[in-house]
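I opened this notebook to record what I looked up in one structure.

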Amino acid sequence: MGLFKKNPFGHILFLKKWLIRVFGVLTHRRYRGFNELQIEGSEIIKELPDTGVLFVSNHQTYFADVVAMFHVFNASLTHRVDSIKNVSYIWNPKLNIYYVAAKETMKAGLLARIMAYAGAITVERTWREKGKEIQREVNLSDTENIGRALEDGWVITFPQGTTKPWKPIRKGTAHIIKQYKPIVIPVVIDGFRRSFDKKGIWIKKKGILQSMVIKEPLEIDYENDSVETIVEQLEYAIEQHPSFLKVIPEEALKMAEALNEKRRWSYKEDS
């Protein structure tokens, strides 16, 4: 690899490699130390093609979710099945992994800007900005950038566009699937909201069991399935369809939310 070789977005790959290495080493104990990450289904990763793969996942924090995926994906590519033991896998990371993130999030501070260089495809939200509801037309260049990233490698996206659970999936993800026809891999995560603050930077509580389930590719008829059909398929695949709420007692949901809020405030007081 040439010292100044760049990816399609103009990022120098040598610099990107070192950013991933440093962040990988610094964050490893967050998933294998302070807290443990239980992984299921990572053997799928090794069998995927080098490009044209879209990972769709539920979302719990701004950064901890995607950092965990970088760990799991790179560990899996070095023949570690359902394990991130021994962080040496990060020495030669896959450099064409990208993730979709809100532009305003990735501009909020130096750390976010550095992490953006490691693989963010920034997009403008069409429904919310700076905590306020808005209505904005889809920026076609955002969609094109996701397409460029799929042509170059793998893309991670959180189709609900928020860390709040049970929110509807945005139709833009379905449009991208129909247009670019990627292999779609669902990922279901849990425990990150309890482990980290909302940004996924500070550890909120130790000893939490985090989980990541990587599922088989979705069977999608790119030509004939409607956007609505694909949206519903995604909702079921990442376990965020409204029907899942019916099997979770309302009292349990309220208790979980109250516990998360209590931990959030107790963490602020301790710090």
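Entry on strand pairing. I noted that the model is predicted. I looked up strand 2 (residues 53-57) and found it joined to strand 7 by 4 bridges, the two strands running parallel. Within this pairing, Val56 stands opposite Thr157 of strand 7. I then turned to strand 3 (residues 97-102), which runs parallel to strand 7 and is joined to it by 3 bridges. Here Tyr98 has Val155 of strand 7 as its bridge partner.

Entry on salt bridges. How many salt bridges does a search of the whole structure find? The search gives 5. I examined one of them, between the side chains of Glu228 and Lys171, with an N to O distance of 3.6 Å. This pair links distant parts of the chain, since Glu228 lies in helix 9 (residues 227-237) and Lys171 in helix 7 (residues 171-180), 57 residues apart. Glu228 is partly exposed, at a relative accessible area of 47%, and Lys171 is partly exposed, also with 47%.

I also recorded the salt bridge of Arg194 with Asp190, at 3.4 Å from N to O. Arg194 counts as partly exposed at 26% relative accessibility, as does Asp190 at 33%.

Key
Residues are numbered from 1 along each chain as its sequence is written. This is a predicted model: local features need pLDDT of at least 70, side-chain atom pairs count only at pLDDT 80 or more; totals for chains, interfaces and linings use all residues. Side-chain values use heavy atoms; hydrogens and water are left out. Two strands pair if DSSP finds at least two bridges between them. A salt bridge is a side-chain nitrogen of Lys or Arg within 4 Å of a carboxyl oxygen of Asp or Glu. Buried means under 20% relative accessible area, exposed over 50%, partly exposed in between (1.4 Å probe, protein chains only).
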